[in-house]
Amino acid sequence: MINNILIPAVIAIISCLVGACIGYSVRKHSWETKAQNAQNDADHIIADAQAQVSAAKAEMNAQKQAAEAIKQSAENTKKEKILEAQEEIHNYKQEVEADLNKKRDEISRKQNLLQQHEDTIEHKNSLLVEQENKLSQKENQLKNRQAELDQKISEADELVEQRRQKLFEVAELDKEEAKKLVLDNLSEQLVKERAELIRASNEEVQAKADHFANQILVDAIQSSAADTVAETTVSVVDLPNEEMKGRIIGREGRNIRSFEALTGVDLIIDDTPKVVTLSGFDPIRREIAKRAMERLIKDGRIHPARIEEMVDKARKEVNDDIYEAGESALMDLGIHRMNPELVKTLGRLKYRTSYGQNVLAHSIEVGKLAGTMAAELGLDEKLAVRAGLLHDIGKAIDHDIEGSHVEIGVELARKYHESDEVINAIAAHHGDVPKLTFVAELVVAADTISSARPGARSESLENYIRRLTELERIATSYPGVDQAYAIQAGREVRVMVEPSEISDDRITILAHDIRDQVEKELDYPGNIKITVIREKRVVAIAK
């Protein structure tokens, strides 16, 4: 019975154990599968995380490289900016040093002028002391003469009394008759003495007037001494080395041809080391050419387009200098108000000569002389200075307008509302019209002094410039001619024509016409070559 009960129980227990084992095995396999899956998932997650970390590291490396590149670029930019700033500082330093040198030169010049003025004042003081001494001597002489006259008068009275007594005794005349006779004799003697005194007084007055006038002229000349400058027709430009000559010449000489055509100045390159010579009779053209050549040499890029650009810049600078020259003349003479156009016209006189004498320097000198003489005579000094400065203003544009420089100057003065006294001084300084004021007389005297002093003028240079000017005038008188330049010391005239107005066939006829007119109207040594240039230029701009 017990066995019957135990056997099923054991079987049941065994079954349970077997089932438990089987369930455990199944669950273990399930757990292992899940664990394997979890492990695989974990491996995938780790792999993804590693991939993300690698990507993050790569991105960080890229960002780091980009940051380093940006930093390097910033450092390069910083270095470039520092170099640019250093270059600007260097250029500014050079400009400041040039300005300082210019100001030092100006201060030195003004100090020299002040020293000259001080010397003049000391000289005047010595002259005044000398004049005071002379006056004291004359005063003593007059006192001595007065004493002598008083003595002679007393002696004459005694003689008259003696003669009267003698007449009474000899002629037996009464008192009234004797008195009448004596008075008649004295009257004739007094008339003779009065005539002699009048004549002596006139001679003395004339001598004093001449002496006074000479003294005024001497003082005026001493107080406004001017330098004598020899006008030349060439300018020399220094070169940094001999290789620059080849660059200036250009391929087949195209740079020289372009430079001469644009400036109207002859460019001479010879065996003289490290220099080139600019030759031309017109000082304005020569100055433009000199500045343009100096800019080209400094820049180093020399070709026709660059030459044209530099010539235009130099021409603008010279125009600015012309106005500054007019203002400087006004400041030098103490003139504060004048029409700006008239100031600009006045500045053109800096590049105008009259018989080799610079006209602006001559005008300033005339203004100083006239003002000094007016001050000595008690006249309007400022008016005399203004009239003296403007007396030759017509010469600034007499090459461009028909008429004498006197007529042109009068028209300019009227146009810009100068006073009637100034206009009369301009019109009368060559005797064309009567001088209506003392100021006009002083301007004529100052003009004569300035132009007649030794070394002031040269006839040959003026004739030479006049001939070159006439050559250019003849060439530009023909229709279709744009520009004309007399070069090679007047041995050649280069004529630039408008290609739209004159054809290639027509330029041959134009050259012969100019040649015939030159031969007919001018006297000149040797031969003159007429070169007509027709250049057609087309420019297109890409945008």
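Author: Let's start with a term: a salt bridge is a side-chain nitrogen of Lys or Arg within 4 Å of a carboxyl oxygen of Asp or Glu. Keep in mind that this is a predicted model.

Reader: Okay, so by this rule, how many salt bridges does the count come to?

Author: Side chains of opposite charge can pair when their charged atoms come close. Going by the nitrogen-to-oxygen rule, the count of salt bridges comes to 24.

Reader: Can we look at one inside a helix? Which residue forms a salt bridge with E470?

Author: Look in helix 13, which covers residues 459–476. The two partners are 3 residues apart there, so about one helical turn separates them. Their closest N and O atoms are 2.8 Å apart, and the partner of E470 is R473.

Reader: And is R473 buried, partly exposed or exposed?

Author: Buried means under 20% relative accessible area, and exposed means over 50%. R473 has 38% relative accessibility, so this residue counts as partly exposed. E470, at 26%, gets that label too: partly exposed.

Reader: What is the N to O distance in the salt bridge of R301 and D299?

Author: R301 is partly exposed, with a relative accessible area of 47%. D299 is partly exposed as well, at 28%. Their side chains meet in a salt bridge, and the N to O distance is 2.9 Å.

Reader: Let's switch to K245. Why does K245 count as buried?

Author: K245 is found in helix 3, residues 243–249. Leaving aside neighbours within four places in sequence, K245 is in contact with several residues, including L239, I269, D270 and K274. The cut-off for buried is under 20% relative accessible area. K245 falls under that cut-off, so the label is buried, with a value of 7%.

Reader: You mentioned K274. Where is K274 found?

Author: K274 has a positive phi of about 60°, although this residue is not a glycine. With a relative accessible area of 45%, K274 is partly exposed. As for its place in the chain, K274 is in the loop between strand 2 (266–268) and strand 3 (275–279).

Reader: H417 has a positive phi too, although it is not a glycine. What is the relative accessible area of H417?

Author: The phi of H417 is about 60°. H417 lies in the loop between helix 10 (405–415) and helix 11 (420–428). H417 is exposed, with a relative accessible area of 71%.

Reader: Now the surface. Which residues make the nonpolar surface patch of about 350 Å²?

Author: One member, V26, is found in helix 1, residues 2–171. At 51% relative accessibility, V26 counts as exposed. The patch is made by I14, V18, I22 and V26.

Reader: Last one, for the whole protein: what percentage of the residues count as buried?

Author: The protein has 14 helices and 8 strands. It exposes about 36100 Å², with carbon and sulfur atoms supplying 53% of that area. Of its 543 residues, the share that count as buried is 31%.

Methods. Residues are numbered from 1 along each chain as its sequence is written. This is a predicted model: local features need pLDDT of at least 70, side-chain atom pairs count only at pLDDT 80 or more; totals for chains, interfaces and linings use all residues. Side-chain values use heavy atoms; hydrogens and water are left out. Patches are made of residues with over 30% relative accessible area and no salt bridge: like charges are joined within 9 Å, nonpolar side chains (Val, Leu, Ile, Met, Phe, Trp, Tyr) within 5 Å. Accessible areas come from the Shrake-Rupley method with a 1.4 Å probe; for residues, only the protein chains shown count as cover. Helices (H or I, at least four residues) and strands (E, at least two) are DSSP runs, numbered from the N terminus. Buried means under 20% relative accessible area, exposed over 50%, partly exposed in between (1.4 Å probe, protein chains only). Contact means heavy atoms within 4.5 Å.
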